[in-house]
Amino acid sequence: MRNFYSQTLLGVALVVLSLFFAGCATQASSKYWGQVEVPQDNVMHYITGSEPESLDPQFVTGQPEARILIGLYDRLVEYHPKTMQPIPSMATHWETSDNLLEYTFHLRKEGRFSNGDPITAEDFAWSFRRALSPELASRYGFLGYDIKYGEAYNSGKSFAKKDGKFLLAKDFAEKAGDSDNDGKIDPIGEKKPDAVKIEESDNKDVTVPKLEADAENPTSTKAGVTPDITATKTETEFQQFINSPERLTLVKPTDEKSQKAFDALVAENPKLKTALEGVEYVLVKAEDIGVEVVDKYTLQVTLRQPAPYFTGLLTHQFFGALHRKTIEKFGTAWIKPENIVTSGAFKVKEWKPYDELTIVKDPMYWDAKNVKLDAVVFYPMDEQTTMMNIYKSGRIDAIYNHTVPAAWNDYIKQFKNEYMLHPEVATEYYTFSVKKPPVDKVEVRKAFSLAVDRDALEVYRKTIKKSAEFVPLGIFPDYEKARKKVYESHGVTAEEMKKRLFNPEKACDLMEKAGYKVQKNGKKCKVADFPADKIQLSYNTAESNKQVAEFVQAQWKQNLGISVQLKNMEFKTYLPYRSAIQYTGMARAGWVGDYMDPYTFLSQFYSPKNDSSTGYWDPKFDELLDKANNTKDPTKRFELLAEAEFYVLEDQPVMPLSTSGTSWMKKPYIKGMYPNPGTMHPWKFIYIEKDRSKWDENVDQILEQNDPAVERQLEALMKSQKDFEKSQNPTNNKDTESNKVEE
Amino acid sequence: MLKFILKRLIIIIPMALLVVTVTWGLIRIAPGNFYSGEKELPAAIKANIEKKYGLDRPWYVQYGKMMYNIIRLDFGDSLKYQGQSVNEIIKRHFPYSATIGILAYILALILGLTAGIVAALKQNSFFDYFSMALAMLGLSVPNFVLGPLLVLFFSLGLYILPPARWGGPSHLIMPVITLAAVYAAYIARLTRAGMLEVLRSDYIRTARAKGLSETTVLLKHALRGGIIPVVSFTGPALAGLLAGTVVVEKVFAIPGLGNIFIQSVFNRDEPLILGVVAFLSILVMVFNLLVDIAYGFLDPRIRYE
């Protein structure tokens, strides 16, 4: 009987195995992976990742949603399909004031919501204000913090009014320590030598700032006097208010918690205490933020401090045009397909949660004639194998980034007409808890960083690009040029640059310098008395994180003779553990840029309460960043940013490991879809090519290939801004429209 | 009998509330929250969110509010999926799981009972060995292996069945087979064992001695006793099948309740977790009750007072 059992089992096993090989044998015979058939219709089928949380662009935070929502909501500027740099969309052109604080956007007049209502500057202003409202509690609210008083409004802060005058931020900003205080020195507005602490207001009782019209010159107006005397003719009342020196904003103590925060703030700054006695708190309202409707088709945004990346930031779905009436009528139900009104190239047709979301071309869209797809169907999925299966079976035309499992990479990359691996605007790195020994010593941190062979890591991981720098590689070519120059000025030549990636000898020397007993053995060494039991390498549970952690662990063991324990935690458990710096040693982190500028990476170390999860802060670094953002010349600005990057990495609060790669696939008949650094695809450029001879080939080089159809479309779109810039340049930039530099 | 059922039904309510309370406590103990992500949020934004969702209130106020809502059968809105109520989500996704679950259940019963009965009747025959070997295989091959194997062959080899997603009947074939395999195997083995035991018992001999036809003996007398183990197994199993199985739903990208449930835990989506837990616990308790009632019909020795 036993014999019989085993025979039967063997038989069944053979059947299963033969099925398996039958399945495999049908592959690899063509130059494409799986089924590739010319689609009959103009509908694209795409997997964008997990189920969208919402269709409200100000509520969601994930990339899966972002990819859908940029199709549904038009913004002032659109992503360039190849570089993700801003190109004109609802704004035909825009200009920046000389002090880099004011952005004026000129809107096209033919913009329409999906219900036919015109899109005006008023809609954008309302949308921006809603985005920042504390009641909406958007998790991405911080994207609007560059807008003047945006953070104050979002944080529920108040202006402090005393004797009819408002206290000014700059008078209390000596302590860089209070970031809650908005304590940024106005870098452009000159400090008056005998600074008057209090700004006068002409009207004590009216709380609507539009009517307040605070004059910028405190001596020339008095309470009750109309401010027209000092105002230049082009300045509206709002402009006078928004262009006057920044007011002090703080949270009014109302309950126990806010009282505590308030007490702490006052304790730090005694000057504040006396000044705040008997003040009247005026809550910052939506209308107070630096967004102004100049006329129906002109929108002006005033920033609290220069942010040269600001136009790039506006490509984000967070700044899309929303339909006020719909939202006010339906509340949170406005996103339901039967209620929703959108402003983008596509509109919602059907939404079956966890199944599919269909968006169709919107005939109301101002650029509808250039929208080539009739519809895009999104499938919410995040299981890698399932996605690959469904792609192979030909039911899906493209998949999102990181969908190709690492183990499949060697096999998949042979399909050169479909597979794309390009640098992503994301850095993977380990943070150090810089305040806890033994990694409180910079030598120790540097040694750990230098003892990891990143070349080997790149080979092992397959989809990444090795890097010891924090700003990702291969995405900002101009920045990298600047970085090369700056690093060279610090003696970091190309040769030295390579050594930053791996230098066990130097690592050993540094350990010795840190005071440990080092037994050298060729290039490697053994640090005998290192308290390895005191530190851990923590990461959130994921196969790829585990692979990297084990690799790095082995490297430290080999090159330094230090055995560091690994600790993995479930994602949501891990996050507060890392951000509260409860870990000792190192912790895994990844950072995806919110916009296409190195600042989105470097700002992580900015301000004492920064997001780096390391405990690191250096005022000198902040100064460098401020200086950079006050620089109008892009090359010089990048040099200053590179200087800041070099500066922070000299302290090594983090050890960068790699720039991530996108790693995704599309069928060859999908054209106009590019492996840009965020795999963010403006859908209006994408089309389905039915002629096989015109299909995409060698897609790894697709960014260098020029598709005439896409190029023509791009050129037409970018013309308005280019023409405008041309018209500005010959007559020098001192145009009348932006003469609001405070004098 | 009726009294017994009523009593059991009434117990379900406090039991479900207890389950919800324990779950609520566990969610509160677990670190992390629904709004945290790779990017650390500024304190002001966290404060806004906590205020919006009432998380800044003391825990007993939050607990009281939650319980009050649950008693009114209103689990509130999902925290992750904006503007979607928990009731709406359960109502929308339960049918997917239930469809696949019921079909798999029926398939498992047909296959399992047939194989088990025939194997018991023809003990030690080729069919007995073959079907029991197959059942062993069915039990040993986990569904996360069987599912992808089926996909590999039928979808990516022959291109005849869709590899994943919800759609027409062709989309159901592989998930149902994958889900049914283990249950069919289990039922087959239980049936065979149960039948063998019953067939040897005295009352079957008596029945045969009375001169009843073999069909009557089998279907009326033997089967009733023989499938009692199957019933005690399939009651809770059906509840599990209806509620959705995470693996099969993940592999085939089916928008079922199991998938939603696991995601809600990862998302720390408290109202959704509580809603699904309450729903599932009631489902399991009701099916256990049904099993108990079924015993009464199947086994003449069991009486409910």
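The contact draws 51 residues from chain A and 48 residues from chain B. The model is a predicted one. On the side of chain A that touches chain B, the elements giving two or more residues are α1 (2-25), α11 (384-392) and α19 (571-579) of chain A. Of these, α1(A) gives the most, with ten residues. By residue type, this side of chain A divides into 22 nonpolar, 19 polar and ten charged residues.

Strand β5 of chain A was examined next. This strand spans residues 102-107 and is mostly covered. Five of its six residues are buried. In a regular strand, the side chains alternate between the two faces of the sheet.

Strand β5(A) pairs with two other strands of chain A, β4 and β12. Strand β4(A) covers residues 91-96. Five bridges join β4(A) to β5(A), and the two run antiparallel. Within this pair, Ala91(A) stands opposite Leu107(A) of β5(A). The two strands form a hairpin, with five residues between them. In that hairpin, Leu100(A) takes a positive phi near 65°.

The other partner, β12(A), covers residues 298-302. Five bridges link β5(A) to β12(A), and this pair is also antiparallel. Here Phe105(A) stands opposite Leu299(A) in β12(A).

Definitions and conventions: Residues are numbered from 1 along each chain as its sequence is written. Chains are lettered from A and ligands numbered from 1 in the order in which they are written. This is a predicted model: local features need pLDDT of at least 70, side-chain atom pairs count only at pLDDT 80 or more; totals for chains, interfaces and linings use all residues. Two residues are in contact if their C-beta atoms, placed from the backbone, lie within 7 Å. Helices (H or I, at least four residues) and strands (E, at least two) are DSSP runs, numbered from the N terminus. Ala, Val, Leu, Ile, Met, Phe, Trp, Tyr, Cys and Pro count as nonpolar, Asp, Glu, Lys and Arg as charged, and the others, Gly among them, as polar. A residue is buried if 20 or more other C-beta atoms lie within 10 Å of its own, exposed if 12 or fewer, and partly exposed in between; C-beta atoms are placed from the backbone. Two strands pair if DSSP finds at least two bridges between them.
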